[in-house]
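Try each task yourself before you read its solution.

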Amino acid sequence: MIKNKLQASARMSLAMGIFLPVLETIRRSNQIFHLQYFFHWFDDYILGAFLTIAAVKVLRSKPNAPLFLLAAW
């Protein structure tokens with residue numbers, strides 16, 4: 001049962017890790033080329049990368065993967 005919940009959390013993390021940067025890019029498309037707004041939208045790419053890496057670790061049953069997923073969330 002715990003493994004099922006962990007798998008569900010990993011799938012949600014993977015979805016958020018992919019869609020968060022895409023949606024943020026669409027939302028802030030008018031600010032992409034303005035350097036003063038760089039960190040306003042680039043932090044979502046970092047967050048998306050953390051969520052995606054943690055989800056892949058869980059789905060591949062790597063050691064300490066649940067800790068990475070917890071930290072990413």
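The exercises below go from model confidence to the core, the salt bridges, the surface and the loop.

**Before you start**

This is a predicted model, in which local features need pLDDT of at least 70 and side-chain atom pairs count only at pLDDT 80 or more, while totals for chains, interfaces and linings use all residues. Residues are numbered from 1 along each chain as its sequence is written, and side-chain values use heavy atoms, with hydrogens and water left out.

**Exercise 1. Confidence**

Find the mean pLDDT of the protein chain, and the elements with the lowest and highest mean pLDDT.

*Solution.* 
- Step 1: recall that pLDDT is the predictor's confidence in each residue, from 0 to 100.
- Step 2: take the chain, where the mean pLDDT is 90 and 99% of residues reach 70 or more.
- Step 3: go through the elements; helices (H or I, at least four residues) and strands (E, at least two) are DSSP runs, numbered from the N terminus. The lowest mean, 90, belongs to α1, and the highest, 92, to helix α3 (residues 65-72).

**Exercise 2. The largest nonpolar core**

*Solution.* 
- Step 1: A nonpolar core is a set of buried Ala, Val, Leu, Ile, Met, Phe, Trp, Tyr and Cys residues joined through side-chain atoms within 4.5 Å. Buried means under 20% relative accessible area, exposed over 50%, and partly exposed in between (1.4 Å probe, protein chains only).
- Step 2: list the members. The largest core has eight residues: Ala10, Leu51, Ala54, Ala55, Val58, Ala65, Leu69 and Ala72.
- Step 3: look at one member, alanine 65, in helix α3. Alanine 65 counts as buried because its relative accessibility is 2%. Setting aside neighbours within four places in sequence, alanine 65 is in contact (heavy atoms within 4.5 Å) with Lys57 and Val58. Its C-alpha is 6.6 Å from that of alanine 54, eleven residues away in sequence.

**Exercise 3. Salt bridges**

How many salt bridges does a search of the whole structure find, and what network do they form?

*Solution.* 
- Step 1: apply the cut-off, a side-chain nitrogen of Lys or Arg within 4 Å of a carboxyl oxygen of Asp or Glu. The search gives two salt bridges.
- Step 2: glutamate 24 pairs with arginine 27 at 3.1 Å, N to O. Both sit in helix α1, three residues apart, about one turn of the helix.
- Step 3: glutamate 24 also pairs with arginine 28, at 2.5 Å, N to O.
- Step 4: shared partners join Glu24, Arg27 and Arg28 into one network.
- Step 5: compare burial. Glutamate 24 is buried at 9% relative accessible area, and arginine 28 is buried at 17%, whereas arginine 27 is exposed at 55%.

**Exercise 4. The loop**

*Solution.* 
- Step 1: recall the background. Most residues other than glycine have a negative phi.
- Step 2: serine 61 is in the loop between α2 and α3, and its phi is positive, about 55°, although serine 61 is not a glycine. Serine 61 is exposed, at 54% relative accessible area.
- Step 3: asparagine 64, found in the loop between α2 and α3, has a positive phi of about 65° and is not a glycine either.
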